[in-house]
Amino acid sequence: PVTLHPERQAPGDVEQSSGGLASALRSVADDYDEVIWIGWPGSAVPSDAEQERMSARLLEVSTTIKLIPVWLSQSDADDFYTGFSNSSLWPLMH
């Protein structure tokens, strides 16, 4: 539901994603006591220090959805997210 921009300073470093899944998740979040999103935040964050900083920012901006990042290297993001998921799974399932 968010995209990180670690090269920016707060508050511009975290923005809401515009995709269909993110929009659907936001629209039902108020119907539940707790909603937890675990996933890739849309950006490779290579250093541990930056990952800690961005994790703290996600906690700050979490309102109705608890955001837990799964950190991927740029190579993993390119191969899995852009390559396999978007180029193979998405067309196959839609």
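Visitor: Where does P1 lie?

Guide: P1 sits in the segment before β1. Keep in mind that this is a predicted model.

Visitor: Is P1 buried or exposed?

Guide: P1 counts as buried because its relative accessible area is 10%, and the cut-off for buried is under 20%.

Visitor: What is P1 in contact with, leaving aside neighbours within four places in sequence?

Guide: Quite a list: E15, Q16, S17, A22, L25, R26, W37 and L67.

Visitor: And how far apart are the C-alpha atoms of P1 and A29?

Guide: They are separated by 11 Å, with the two residues 28 apart along the chain.

Visitor: OK, zooming out. How many helices and strands are there in the chain?

Guide: There are three helices and four strands. Going along the sequence, the pattern reads β-β-α-β-α-β-α.

Visitor: What does the C-alpha trace span?

Guide: About 35 × 35 × 20 Å along the principal axes. The chain has 94 residues, and 28% of them are buried.

Visitor: What share of the contacts between residues at least 6 apart join residues at least 24 apart?

Guide: That share is 66% for this chain.

Visitor: Now the inside. Which residues make up the largest nonpolar core?

Guide: Eleven residues do: V2, L4, V14, A29, V35, W37, V45, M54, L58, I65 and L67. Four elements supply at least two core residues each, namely β1 (2-4), β3 (35-39), α2 (48-61) and β4 (65-69).

Visitor: Pick one of those. What does V14 touch?

Guide: Not counting residues up to four places away in sequence, V14 touches V2, T3, L4, M54, R57, L58 and V61.

Visitor: M54 turns up there. Where's its place?

Guide: M54 is in helix α2. The residue is buried, since its relative accessible area comes out at 0%.

Visitor: And which residues is M54 in contact with, leaving aside neighbours within four places?

Guide: L4, P6, D13, V14, V45 and W71. There is also a C-alpha distance to quote for M54: its C-alpha atom is 10.0 Å from that of A10, which is 44 residues away along the chain.

Visitor: Let's stay with α2. How many residues does that helix have, and how far does it reach?

Guide: α2 has 14 residues and runs 20 Å from first C-alpha to last, close to the 20 Å expected at 1.5 Å a residue.

Visitor: Which residues of α2 are buried?

Guide: Those are Q51, M54, R57 and L58. They lie on the same side of α2, because the arc they cover around the axis is only 125°.

Visitor: What do those buried residues pack against?

Guide: Three strands: β1, β2 (14-16) and β4.

Visitor: And which exposed residues are on the face turned away?

Guide: On that face of α2 you'll find D48, A49, E52, L59 and E60, which are exposed.

Visitor: How about a loop residue? Where's the place of S43?

Guide: S43 is in the loop between β3 and α2. The residue is buried, at 14% relative accessible area.

Visitor: New topic: the peptide bond from A10 to P11. Is the bond cis or trans?

Guide: Cis, with omega near 5°. P11 itself has its place in the loop between β1 and β2.

Definitions and conventions. Residues are numbered from 1 along each chain as its sequence is written. This is a predicted model: local features need pLDDT of at least 70, side-chain atom pairs count only at pLDDT 80 or more; totals for chains, interfaces and linings use all residues. Side-chain values use heavy atoms; hydrogens and water are left out. A nonpolar core is a set of buried Ala, Val, Leu, Ile, Met, Phe, Trp, Tyr and Cys residues joined through side-chain atoms within 4.5 Å. Buried means under 20% relative accessible area, exposed over 50%, partly exposed in between (1.4 Å probe, protein chains only). Contact means heavy atoms within 4.5 Å. The expected span of a helix is 1.5 Å times one less than its number of residues. The arc is that of the directions from the helix axis to the C-beta atoms.
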